Amino acid sequence: MPSDPSPAITLRGVRKEFPGGVVAVHDLDLDIADGEFVTLLGPSGSGKTTVLRLIAGFESPTAGTISLAGRDVTRNAPFDRDVHTVFQDYALFPHLSVLRNVEYPLRIAGVDRAERRRRALEALATVRLDAMAERAPTALSGGQRQRVALARALVDRPAVLLLDEPLGALDLKLREQMQVELKQIQRASGITFVLVTHDQDEALTLADRVVVFNDGRVEQAGSAQEVYERPVSAFVAGFVGTSNVLGSEAAQAIIGRAGSWSVRPEKIAISDPTDPVPAGRSAALGVVEELVYTGPTTRCVVELDAGGQLSVLLLAGPEDDKVPDRGARVRLTWRHDHEVPLHQ
């Protein structure tokens, strides 16, 4: 049988140390499959952007190797890698039309005029902007300019597209719309996408796989559902979604086991303290400390008798009286299988 094809991207023992002894990436091993959409998620300074720049060739590793489709490109210049990068600022030429902006990489590569026009219009059709080919970039909205930047990056069909916080400059509504469109573009093109973001919702929305960075290391990598539902550490539980961690003393008192445990807020039911506890559920008594109304949901912050706090997420609905008053005494319950053990 033929061997499996090489991953689109392979990093082995990659380390990046900057002057002054600052280590941005610690001995990273990572494989990204061909056609996969991966998000690199983490706070500022976690190493995610440095990893993207190492793959692009804008930075050289202090140690380790970087391969694209099995080809070692560790010391290759950016132009000698089958990779394009899309940045947050779009970097479009204002004096060129949309079409000529998209044609530009093909023009540099020496593609003849008719062919580059055909391919540029095809790329614009992929992002649904072929009808705006003759407009100036300044006549477009922020979301449209971002799609032009994507078309330009896709026009010569690179093996890998790197996206560095590409939606960060857009307002919330446009960013959410572009997230859907970006996923559709990736599926239609079949190109490997690697996107850097600090926005957890964006990472979960877009990715086939989320790689969570912390202090230059991978804290956890897995599907969006796996990372959210089964965080491996207190850092991941707190950074991806609302932090809801039972510390050792509270955990011992409530669930009968020491250690740290995560329970997601939407998994918790809230009721009167006199209500019976259903079988197969843990229970905790407490007082409603705060209520945060967001429209679709209300977040209840409950101070536990056993120590610490838990957040409970209640969906809006016809039974608005299910939201307790601030200061009310309540019982919280959740299923045992929603208790996720964490390492520190």
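Lys-16, Arg-53 and Glu-59 are joined in a network of salt bridges, a salt bridge being a side-chain nitrogen of Lys or Arg within 4 Å of a carboxyl oxygen of Asp or Glu. The model is predicted, with local features requiring pLDDT of at least 70 and side-chain atom pairs counted only at pLDDT 80 or more, while totals for chains, interfaces and linings use all residues. Residues are numbered from 1 along each chain as its sequence is written, and side-chain values use heavy atoms, with hydrogens and water left out.

The protein contains 9 helices and 18 strands; helices (H or I, at least four residues) and strands (E, at least two) are DSSP runs, numbered from the N terminus. Taken along the principal axes, the C-alpha atoms fill a box of roughly 80 × 50 × 45 Å. Of the 344 residues, 48% are buried, where buried means under 20% relative accessible area, exposed over 50%, and partly exposed in between (1.4 Å probe, protein chains only). Among contacts with a separation of 6 or more, 64% are between residues 24 or more positions apart, contact meaning heavy atoms within 4.5 Å.

A search of the whole structure gives 19 salt bridges. One of these is formed by the side chains of Arg-118 and Glu-122, at 3.5 Å from N to O. Both residues belong to helix H3 (residues 113-126), where they are 4 residues apart, about one turn of the helix. Arg-118 counts as partly exposed because its relative accessibility is 43%, and Glu-122 likewise counts as partly exposed, at 49%.

The side chains of Glu-229 and Lys-267 meet at 3.4 Å, N to O. This pair links Glu-229 in helix H7 (residues 224-229) with Lys-267 in the loop between strand S12 (260-262) and strand S13 (269-271), and the two residues are 38 residues apart. Glu-229, at 25% relative accessibility, counts as partly exposed, as does Lys-267, at 22%. The side chains of Arg-257 and Glu-339 form a salt bridge of 2.5 Å, N to O. Here too distant parts of the chain are linked, with Arg-257 in the loop between helix H9 (248-255) and S12, and Glu-339 in the loop between strand S17 (329-335) and strand S18 (340-342), 82 residues apart. Arg-257 is partly exposed, with a relative accessibility of 37%, whereas Glu-339 is buried, with a relative accessible area of 4%.

Two packed helices are described by the angle between their axes and the distance between the axes. Helix H2 (residues 98-108) packs with H3 at an angle of about 120°, the axes being 9 Å apart. H2 is therefore oblique to H3. For these values, axes are lines fitted to C-alpha atoms, for helices over the stretch in contact, and angles run from 0 to 180 degrees between N-to-C directions. Angles under 35 degrees count as roughly parallel, over 145 as roughly antiparallel, 65 to 115 as roughly perpendicular and the rest as oblique. The contact involves Val-98, Leu-99, Val-102, Glu-103, Leu-106 and Arg-107 of H2, together with Arg-116, Arg-117, Arg-119, Ala-120, Leu-121, Ala-123 and Leu-124 of H3. By class, this contact of H2 with H3 comprises 8 nonpolar, no polar and 5 charged residues; Ala, Val, Leu, Ile, Met, Phe, Trp, Tyr, Cys and Pro count as nonpolar, Asp, Glu, Lys and Arg as charged, and the others, Gly among them, as polar.

Buried residues were also examined in the strands. Leu-310 lies in strand S16 (residues 309-315) and is buried, with a relative accessible area of 0%. Apart from neighbours within four places in sequence, Leu-310 contacts Asn-244, Leu-246, Ile-268, Cys-300, Val-301, Val-302, Leu-304, Leu-332 and Trp-334. Thr-298 is in strand S15 (residues 297-304) and counts as buried, at 10% relative accessibility. When residues up to four places away in sequence are not counted, Thr-298 touches Leu-291, Val-292, Tyr-293, Val-312, Leu-313, Leu-314 and Val-323.

Most residues other than glycine have a negative phi. Asp-27, in strand S2 (residues 22-32), has a positive phi of about 45° although it is not a glycine. Arg-157, also not a glycine, has a positive phi of about 45°. Arg-157 is located in the loop between helix H4 (142-154) and strand S7 (160-164) and counts as exposed, at 53% relative accessibility.
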